Amino acid sequence: MNNKALWTDRTELLVGKSGLEKLQEATVAIFGIGGVGSYVAEALCRSGVGKFVLVDFDIISLTNINRQLHALHSTVGAAKVDVMRARMLDINPAVEIQAISARYEALNSAEFFAEDYSYIADCIDIISSKVHLIITAKQKNIPIISAMGAGNQLDPTSFQIADISKTFGCPLARVVRKELKAAGISKGVEVVFSGKERNNVTTITDDSAPGRNMPGSIAFVPAVVGLYMAGFIANQILKA
């Protein structure tokens, strides 16, 4: 330990100097900086991860304020990746962050893999993009953990980390599992999911994306999913 206090001292007490160095040398790409992804980004930044790539095409809307870390009345209308980047730099001024305000899709996927990633956090809510990202990560042998459905849920204790092949009860996981199986991937993808029955709520139209419906949401559910993902990633980096 240094005589002069550092903001990472408490982390170093837990993981040791070598563990802190592993985190500082890691590069994590987070696709989707919303209710789940904002918590992944902040938790890993506070844990000492040294380099990030943040990917999201969206801007902060008024309806994001109920659950997303970067969403405030003062940030409505700003790009999510830009606001999150500024917040993370305020936590750790030395962190390196590439903020990409773009939608991940099959047609432009190569643009997002210029970096060598230690880990990928998939927090995308568009199924086609999510499935393609998982397949691409597997093809490139990049470790990935994927968030399944966090909407229409009130019970944060129902979530768990499991292989995609072990998921049940989650409509999104069912679709993703089917799509991955069609691509020849039946297991080997870690996900955070809940098998608990969803609350039956009426969706409303997303004001930032006409034609897209929004499920019900609350602050503490996507936060738990994001923190589960961040904890899993950090522990895998420390084990490497």
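Helices (H or I, at least four residues) and strands (E, at least two) are DSSP runs, numbered from the N terminus. Before we look around, a word on the source: this is a predicted model, in which local features need pLDDT of at least 70 and side-chain atom pairs count only at pLDDT 80 or more, while totals for chains, interfaces and linings use all residues. Residues are numbered from 1 along each chain as its sequence is written, and side-chain values use heavy atoms, with hydrogens and water left out.

Let's start with the sheet. In what order do the 7 strands of the open sheet come? The order is S3-S2-S1-S4-S5-S7-S6, and the pairing is mixed. At the edges stand S3, residues 96-100, and S6; each has a single partner strand, so one side of each has no neighbour in the sheet. From one strand to the next, the twist averages 20 degrees. For angles here, axes are lines fitted to C-alpha atoms, for helices over the stretch in contact, and the values run from 0 to 180 degrees between N-to-C directions.

S3 pairs with S2 in the parallel sense, over 5 bridges. Lying across S2 and S3 is helix H3, which runs at about 170 degrees to S3.

Next is S1, residues 27-31. How many of the residues of S1 are buried? It is 5 of 5, so this strand is mostly covered; buried means under 20% relative accessible area, exposed is over 50%, and partly exposed is in between, with a 1.4 Å probe and protein chains only. In a regular strand the side chains alternate between the two faces of the sheet. Here, Thr-27, Ala-29 and Phe-31 point one way from S1, Val-28 and Ile-30 point the other way, and all of them are buried.

S1 also pairs with S2 in the parallel sense, again through 5 bridges, and Phe-31 stands opposite Val-55 in S2. To get from S1 to S2, the chain passes through helix H2, residues 37-47, in a right-handed β-α-β crossover. Right-handed means that, with the strands pointing away from the viewer, the path from the first strand over the helix to the second runs clockwise. S1 runs parallel to S4, residues 119-122, as well, and 4 bridges join them. There, Val-28 stands opposite Tyr-119.

On to the loops. The one between S2 (51-55) and H3 (80-91) holds Gln-68. Is Gln-68 buried or exposed? It counts as buried, because its relative accessibility is 5%. Leaving aside neighbours within four places in sequence, Gln-68 is in contact (heavy atoms within 4.5 Å) with Ile-33, Gly-34, Gly-35, Ser-38 and Lys-80. Ile-33 is 35 residues away along the chain, yet its C-alpha atom and that of Gln-68 are separated by 8.6 Å. The side chains of Gln-68 and Lys-80 make a polar contact at 3.3 Å. By polar contact I mean a pair of N or O atoms within 3.5 Å; within protein, one must be able to donate a hydrogen and the other to accept it, and residues adjacent in sequence count only if both atoms are side-chain atoms.

Asn-64 sits in the loop between S2 and H3 too, and is buried at a relative accessible area of 5%. Not counting residues up to four places away in sequence, Asn-64 touches Ile-59, Ala-71 and Lys-80.

Two other asparagines deserve a quick look. Asn-141, in the loop between H4 (127-139) and S5 (144-147), has a positive phi near 55 degrees without being a glycine, and counts as exposed at 70% relative accessibility. Asn-152, in the loop between S5 and S6 (159-163), has a positive phi of about 60 degrees, but counts as buried at 17%.

That S5-S6 loop also contains Ser-158, which is buried at 16% relative accessibility. A polar atom of the Ser-158 side chain lies 2.9 Å from the backbone oxygen of Asp-155.

Note on methods:
Pairing = 2+ DSSP bridges.
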